[in-house]
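Work through the exercises below with the coordinates open. Each task is followed by a solution in steps.

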Amino acid sequence: MKTWLLFSMAEALANGTPWMGRYPTKKSKVGIVDYETGRSNVRRRLFMLRAGANPNLGVTSMTSMKPNQPEFWVKLAAYKFDIVFVDSLRRANSGGDENDSAEAIRPLELAAEFAEATGCAVVYIHHARKEANDGWPEFRGSAAIEDQVDCAFVVRKADITETKKTVEIKCVKPGDMITPEPFAAEVEFDDPRRLATVRVSKMAVAETAEKKMSNGEVDAA
């Protein structure tokens, strides 16, 4: 449900409304660069999220260029976005060896240079490799990917029904901020009306050993 969560975040940022009705946002010009599902499917999901025709929300595929090419970022800069969501790192870097540190982080290095030059934040959706011993997924590919990013969250399934999917979200790399508490979110689908609602779930996130530790102990671990 990573894509649904971040598309709903994009919609909230474009409107300057609280994400999932809880987390404040600043009205921003938002870009979605899709390599995963195709333009029509992105539009369908945004329609289901009630995004509407918003001049602050742009979608592009840029299939002829990839984030591991400097030309990609030159073209992207022309849109003057405040934040860009790229779905996904694996598809955007197809042909690159995600287990080779140099090849795996090239799109991230160029994103960092782009962000520094333009002030635009870049968010990659990335696939998990497997679950760790604590039940949370690990980064797929080279460990250098996690090292390269400023901030990272992981998502795992919690409860899945025919019409509602609940996931748990945890920050595994807080960057310069205080590590936020894990939380749960749910996506509820109303097929007859072609709507999807993303909200904070009432389901409590399972308490983990990390949650009991102080921030210093977590860093040490």
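Predicted model: local features only at pLDDT ≥ 70, side-chain atom pairs only at ≥ 80, totals over all residues.

**Exercise 1.** Determine where Lys 66 lies and which side chain of opposite charge is nearest to Lys 66.

*Solution.* 
- Step 1. Lys 66 belongs to the loop between E2 and helix H3 (70-77).
- Step 2. Lys 66 is buried and has no salt bridge.
- Step 3. The nearest side chain of opposite charge is that of Glu 36, 11 Å away. A salt bridge would need a side-chain nitrogen within 4 Å of a carboxyl oxygen.
- Step 4. Apart from neighbours within four places in sequence, the contacts of Lys 66 are Tyr 35, Phe 72, Arg 91, Ala 92 and Ser 94.

**Exercise 2.** Describe the largest nonpolar core and the elements that supply two or more of its residues.

*Solution.* 
- Step 1. This core holds 32 residues, and Val 30, Ile 32, Leu 46, Leu 57 and Phe 85 touch the most other members.
- Step 2. Elements giving two or more residues to this core include the helices H1 (2-15) and H2 (39-48). Also among them are the strands E1 (30-34), E2 (57-60), E3 (83-87), E8 (164-173), E9 (183-190) and E10 (195-200).
- Step 3. H1 contributes the most, with 9 residues.
- Step 4. Another core of 25 residues lies apart from this one, and its members include Met 62, Trp 73, Phe 81 and Phe 114.
- Step 5. Phe 85 contacts Leu 6, Met 9, Ala 10, Leu 13, Val 30, Gly 31, Ile 32, Val 33 and Val 123, leaving aside neighbours within four places in sequence.

**Exercise 3.** Compare the radius of gyration of the chain with that of a compact globule, then summarise the chain as a whole.

*Solution.* 
- Step 1. A compact globule of 221 residues would have a radius of gyration near 17 Å; the chain has 17 Å, so the two agree.
- Step 2. The C-alpha trace spans about 45 × 45 × 30 Å along its principal axes.
- Step 3. The secondary structure comprises 8 helices and 10 strands, and 44% of the 221 residues count as buried.
- Step 4. Of the contacts between residues at least 6 apart in sequence, 57% join residues at least 24 apart.

Methods: Residues numbered from 1 in each chain as written. Heavy atoms only, no water. Core = buried A, V, L, I, M, F, W, Y, C linked by side-chain atoms within 4.5 Å. Buried < 20%, exposed > 50% of the residue type's maximum accessible area, 1.4 Å probe, protein only. Helix = DSSP H or I, 4+ residues; strand = E, 2+ residues; numbered from the N terminus. Contact = heavy atoms within 4.5 Å. Lys, Arg positive; Asp, Glu negative; His and termini not counted. Rg over C-alpha atoms; globule rule 2.2 N^0.38 Å.
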